[in-house]
Amino acid sequence: MHEWNFLAVLNDADLLLLGLVNTLKVTALALLFGVPLGLALALSRLSTFRPLSAVAAFIIEFFRTTPPLVQLFWFFFALPILIDVRMTPFIAAIVTFSIQSSAFFAEVFRGGILSIDKGQWEGAKAIGMSFSQSLRRIILPQAVKRMIPAFMERSIELLKTTTLVSTVAYTDLMFQANDLAQKTFRPLEVYTIVALIYFVMIFAFSQASIAVEHRLAKSGEGTLR
Amino acid sequence: MNQANTEIVKVENLHKSFGDLDVLRGIDMTVRGGETVVLLGSSGSGKSTLLRCINFMEMPSEGRVYLHGEAVGKERNGKIRYSERDLCALRTRIGMVFQHFNLFPHMTVLQNVMEGQVTVLKRGKSEAAETARRQLDRVGLAEKAEEYPARLSGGQKQRVAIARALAMDPDVMLFDEVTSALDPELVGEVLKTMRQLAEEGMTMIVVTHELGFAYHVANRVLFLNEGAILEQGAPHDVLKNPESTRMREFLEGHSLFKLPD
Amino acid sequence: MQHTWDFASIIQNWPVLWVGLQGTVFIFLVTVTLGLSGGLVVGILRYARSAALRWPATTFVEVFRNTPVLVQIIWFYYAFPILTGIEVDPFLAAVLGISLNTMAFSAEIYRAGIQSIERGQWEAGKAIGMTYGQTMRRIILPVAIKRVLPALTNRGIEVFKMSTLASVVAYVETLNQAKLIADLNFNPIEAYTAVALLFFVVLYPVVQSTYVLERMLRKSD
């Protein structure tokens, strides 16, 4: 029977803490770029201008149907050959997860926008609003409220997916765990602790998202999945 | 309104088709200041489409629309082009009220009535609020200013929608079957508001099935059939002595309505 | 920088990639079967009236839904053997991680499907003398599973994509083989582009058919 020894892990807790911070950093930055990009993709896909909508649809479907790990490898190993950039694990991570999550956010936005009654567009149009005014003032404020649960679910998925960056040697929590496991020869303790950290963090976000969903449901607004 | 009798809206040879379906087949119509014109016709006659072409909620397939004698859109190479910016500006001068209200549910009644003024006309907040309260008072809903639309009855919602359109100071108001979605007991309050507007001299084009309103309030009634104007004239002529069989059949379909002698 | 695309190097190494594709399909079939069928059991347990059945199922679902799959695979590969003394090869680690994760997610799908069935159906089953198990099997599940078919298909698509994570513990699948080709031929751009296209070509028709499926189900409901 194995003798548990968490001391070795706790001695190097700062390593894991750094990893955790980096995990959150990648998630936050991917959200920061991914959400607006997702909105742009959604609007393009909804556009009546066929070429634009076809291109947007292709980008969305492509990034939804290819594995994120393949995308990450592509941006990390292949992109620098195509264009002259100094690729770092950090940049590859941000680029990959911004675009990857934007494809999913685009579908959330599109679903939200399409769920708004056509009459709302007409009501806005009738008082002289332009397309962008209608979108900004009338449609999005209503759509966003309905999108919140799907949006939070997607963000949690993103947080989980960021573990992949460890494979291109970005020092996220997963990478630090691998590092520490090798250093201490205590993989059981290290990986169990790290799994626990992920669990606590993601479980807390999930519970928060469920709570928000309940509040939205109470306020009488339908939500979208 | 001191634009009485001047031409406000003119429609010339208006056509509209959806794919193979010709909904409007050459409509000519002029509406003068202070006039209330009621468009009648069975469903599919094109009356709502005509109304929606006047403020370009639908794009006409052919023909021109004039506001104050000025043609909307620019003709180039035999085709008429409409810029989105011009159409937005045009719509601020033409108010529209819908069958399903289309109030903005995420805004209070007051915000609904202020929205167009602030976002489109760029009026200041306090001026817009003042105008909004005045218009809400006009439709008898001043005390509902802070409520959200979800808490109003259908009739109240529709009166807010009227106030929202009025707040833009439009030259003409379009009413698209505004009582059709209402419970019967709520129809009266909306018609009363519309009648009051007509009496105040507002220029109005009204699509409705309420023959009583047409008879008592309209200056002129137009009967549309298969995308064309079949009969028009003063309500007591058209409604009491219809010339065409189609119009007679249409009126008989509304047999619940008894015209006073 | 001007790059000349050279897919010939991929074609030449086709046998290497072919081995990987077989590995991908194999692990996909194993994990999707275990995941979706195990998920049905867990989903039914989560709906059970006895708390002794419900609680373990709920705990299982929460643990595996709220941790990243990669962490699960790595844990099974490096930590699980120490704990149990069981030898775990890359295939087993990946299968455990992906299957259990899929079980947890699909359990929630089945549960939502079961919950979407009107109470009247249960009562009708009871009224003709059916037991709980009979009602569940004969009345509830056939309709519930039909309703969640699009969601299950989406899970299947996720599992297929997830199979690439097995490469992290060096299980021989498509991405792993592409990495090999890229390292040997210095052609990462062609290698990874080829893999991305492969997945797209396989999954795009599946995704489109789920849209069709969704529309069909909505109509028939």
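Modeller: In chain C, the axes of helix α2 (residues 14-46) and helix α8 (residues 149-162) come within 10 Å and cross at roughly 140°. Axes here are lines fitted to C-alpha atoms, for helices over the stretch in contact, with angles from 0 to 180 degrees between N-to-C directions. Helices are DSSP runs of H or I with at least four residues, numbered from the N terminus.

Biologist: So what do you call α2(C) relative to α8(C)?

Modeller: Oblique. Under 35 degrees counts as roughly parallel, over 145 as roughly antiparallel, 65 to 115 as roughly perpendicular, and the rest as oblique.

Biologist: Which residues make the contact?

Modeller: From α2(C), C:Phe28, C:Thr31, C:Val32, C:Gly35 and C:Leu36; from α8(C), C:Leu152, C:Gly156, C:Val159 and C:Phe160. Residues are in contact if their C-beta atoms, placed from the backbone, lie within 7 Å. By class that's 6 nonpolar, 3 polar and no charged residues. Ala, Val, Leu, Ile, Met, Phe, Trp, Tyr, Cys and Pro count as nonpolar, Asp, Glu, Lys and Arg as charged, and the others, Gly among them, as polar.

Biologist: Now, how far do I trust it?

Modeller: It's a predicted model: local features need pLDDT of at least 70, side-chain atom pairs count only at pLDDT 80 or more, and totals for chains, interfaces and linings use all residues. Residues are numbered from 1 along each chain as its sequence is written, while chains are lettered from A and ligands numbered from 1 in the order written. The complex gets an ipTM of 0.90 and a pTM of 0.86 from the predictor.

Biologist: And where is confidence lowest in chain C?

Modeller: In helix α1 (residues 8-12), with a mean of 85, while helix α5 (residues 90-115) is highest at 96. Chain C has a mean pLDDT (the predictor's confidence in each residue, from 0 to 100) of 92.

Biologist: Switching topic: which chains have the most contacts?

Modeller: A and C, among the 2 pairs that touch. There, 32 residues of chain C contact 34 of chain A. α10(C) gives the most to chain C's side, with 11 residues. That side has 25 nonpolar, 5 polar and 2 charged residues.

Biologist: How many residues of chain B are in contact with chain A?

Modeller: 22, against 16 residues of chain A. The largest share of chain B's side, 5 residues, comes from α2(B).

Biologist: How far apart are chain B and chain C?

Modeller: Their nearest C-alpha atoms are 25 Å apart, and the two chains do not touch.

Notes:
Helices (H or I, at least four residues) and strands (E, at least two) are DSSP runs, numbered from the N terminus.
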